[in-house]
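Reader: Hi! Could you walk me through this one, a bit at a time?
Author: Happy to, here it is.

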Amino acid sequence: MIPELGHFALVLALCLSLVQSLLPLAGLRTGKDHWMAVAAPAAAGQFLFLVVAFVALGWAFYSNDFSVAYVAANSNAGLPWYYRLAAIWGSHEGSMLLWVLMLAVWTVAVAAYSRSLPRDVATCVVSMMGLISFGFLLFTWLTSNPFGRQFPAPEHGQDLNPLLQDPGLIIHPPMLYMGYVGFSVAFAFALTALITGRVDSAWTRWTRPWTTGAWLFLTFGITLGSWWAYNELGWGGWWFWDPVENASFMPWLVGTALIHSLAVTEKRGIFQSWTVLLAISAFALSILGTFLVRSGVLISVHAFATDPSRGIFVLALFTAVVGGSLLLYAWRAPRLARGGEPVHALSREGLLLMNNIFLVVAAAAVLLGTLYPLVADALGLGRISVGAPYFNLVFVPLTAPLLLLAGFAGSMAWKRTRWRTIVQRLWVPAVVAVAIAVLLPLVALGTTSVAAFAGCVLGTWAICASAEELWRRSRGSRMMWSRGVVGMTMAHIGAGVLVIGISLVTAFGSEHDVSLQPGENASLAGYDFHFQGVKDQTGPNYEARVATVDVYRGEQQLATLYPEKRHYPVRGSVMTESGIDVGVFRDLYVSLGEPLPDNAWSLRLYYRPFVRWIWAGGLFMVLGGFLAATDPRYRRLRHREKKFAATSERGHTAPA
Amino acid sequence: MTRTRRRRLMLVALLLGGLGLATALMLTAFQENLLYFYQPSTVAAGEVAPGARFRLGGLVEQGSVSRREDGLEVSFKLADCSASVPVRYQGILPDLFREGQGIVTYGQLNQDNLFIADEVLAKHDESYMSPEVAEALQDNKGKSCMPVNMQAKAS
């Protein structure tokens, strides 16, 4: 009964999304106010019904209703309740439901906070989001309905993929989806700008907090995903250039470019068409990400779903959304272009222009490496994959300049800056940055190298130059710390921390495969690992063999690690749970291999210096994004515009 | 030419140069890191030159896995419907590596046509097989020689 209720709610949401998109647009066209007024309530209704659908599916999982095919395929009565609930988005159908629910959340938020927007703009944005929602709801309902029943109901579920039974999974996909879907707001604003023909600084001010909001969720999602892969895959790595990782990384790169280009459009009134194009691209890549991961076209550890009919539907949807918006862009964007002033190289807009170039080229490089194997396969050019060395080789020279540029962010003024001013302000941070980059590896790890220094100095430069900006702003007669500025600085510091982490773990990380009998020991990077043996243990839905490894440095015992090998009988799958001793300057990581003759086991030992800095940097960026997105400046300005909007609305007639 | 124009021209030239350089760099790196997938019969027929890194996928042949005394070096044979290739690997094997399982390995051939693998991948699921391996396990009439317990999932 309850699953049918969920199904019914899903169909009602589908109908409402159509109402939410078409009626207000027709109202906009014909100037009928009461039709336009439908947008917000329809969005609220759609949200409500999606919540009902989601709760219904959640209830089916919670109560182990295996007559629902999706529940039976992804859950098991032996699973703890929190994994049963997380299993809602453990596979394709539920993920799509989560996707549309997130979209409804964003739509309702936009509708609620857009009261100060001119009426036509607000209506247009909400109805554009309704259109997107309609497409994805139709997809969910027709090809991926999670409420399908099967009779007779199986007695046991097939269990959740054990790879996904980790606290990271509970929050990683929702955060990622919040980010993906969040770019739909910027996308809807971009379409509205094309339709109404206005990209002014007011438009950018409305768009900026939403874009930053989406970006911070995506950043958080990617950071969590990296941390999850490190914990769960047992390979001691934090990024694999796996197509599924790339799928979330491409919208992130373009979204980052969008945030920066929006700043220029707001402050200087230039780059309008470019900003609009970036907004379209960011959302297009988000859909592509959904398509890549969920259609099963990829051969990768993440691609769980395999059903080509879905792929074709998503491809059609993708073509409609992206093709449609690009057509609109080609038709209307020339009207946006204004003869701008030339951009001076030594100005903030020049700096941001370079930032955009590097980010977009980096995104293109990732896109090439991710899609080429698919294209080659489709054209019958052979089965090809692109190795991680390609990405590393291309990525390092493209991102290093970004860090260099980030250091100048605070001291570079709009329009034009003198070299002398910059040198005056930044020579101290530069010297400090070099000093720290030399000392940090030496003090923390007792060693250094040219590559480590080169990486570190980029990071410390971004951090020190950002710190200088904060320090200078706190020195005047009153504190000049606006949230936006602090947010930007935090995010840049985060990028610096991240780069230091990457450089040092790449330069000094090491691993060693050993075979040990109980009582034997092995050493790595100055640490001794004493293998004590393996015991059997039983978990809620698995059988585990748990090893005990004591870690010593000299005579002193630092930690005892318990790497496991788990066998999940329902799916017949085996998982490696690594044992990790966490530290600020280094992780020690042991994963259990396989049993060998004579009671021996193979073990893989990892030494991972500064690996935590990678995720700490990501979290700094999230915090920075949060501060910037919630800058009260946006709210204050909105109030002022409200008055402006009220007086000027008569001037703007309905769009042609 | 006015100053503004000259400056603009400089900027455009700089941009184009940078983009050209980036593209050149990208494509070179791309060319060098393309990994082809071959199946055992292609390799056994001598169609793959030694020294180039590629991916090899197939079934681990029954009874072919042997370990060296000290434990970490493993030799086995990867097979498709018609041929098999000897493989050597040093390190820890994935959880679901076993005889009869479909796997993918990364590495290169040495002069004696022995495949030296540096990475072995097996899926985390006993009944799942990667589409590449599934395809490699079709003979030239399109008939599959895959183990029976996996045919249902792959089709």
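Author: What follows is a short chat about helices, strands and a few residues.
Author: This is a predicted model, where local features need pLDDT of at least 70, side-chain atom pairs count only at pLDDT 80 or more, and totals for chains, interfaces and linings use all residues. Residues are numbered from 1 along each chain as its sequence is written, while chains are lettered from A and ligands numbered from 1 in the order in which they are written.

Reader: Thanks! At what angle do helix 8 and helix 9 of chain A pack?
Author: Helix 8 (residues 167-196) and helix 9 (residues 201-232) of chain A pack at about 155°, with axes 7 Å apart. Helices here are DSSP runs of H or I with at least four residues, strands are E runs of at least two, and both are numbered from the N terminus. Axes are lines fitted to C-alpha atoms, for helices over the stretch in contact, and angles run from 0 to 180 degrees between N-to-C directions.

Reader: Switching to strands: in what order do the four strands of the open sheet run?
Author: The order is 2-11-10-9 in chain A, with antiparallel pairing; two strands pair if DSSP finds at least two bridges between them. Strand 2 (510-516) and strand 9 (579-581) of chain A are the edges, each pairing on one side only. The twist averages 20° from one strand to the next.

Reader: How many bridges do strand 10 and strand 11 of chain A have?
Author: Eight, between residues 586-595 and residues 601-609. S591(A) has R604(A) in strand 11 as its bridge partner.

Reader: Is strand 7 of chain A largely enclosed or open?
Author: Largely enclosed by the rest of the structure, because four of its five residues (564-568) are buried. Buried means 20 or more other C-beta atoms within 10 Å of a residue's own, exposed 12 or fewer, and partly exposed in between, with C-beta atoms placed from the backbone.

Reader: Which strands does strand 7 of chain A join?
Author: Four bridges join strand 7 of chain A to strand 5 (residues 543-553), and five join strand 7 to strand 8 (residues 573-577). Both pairings are antiparallel.
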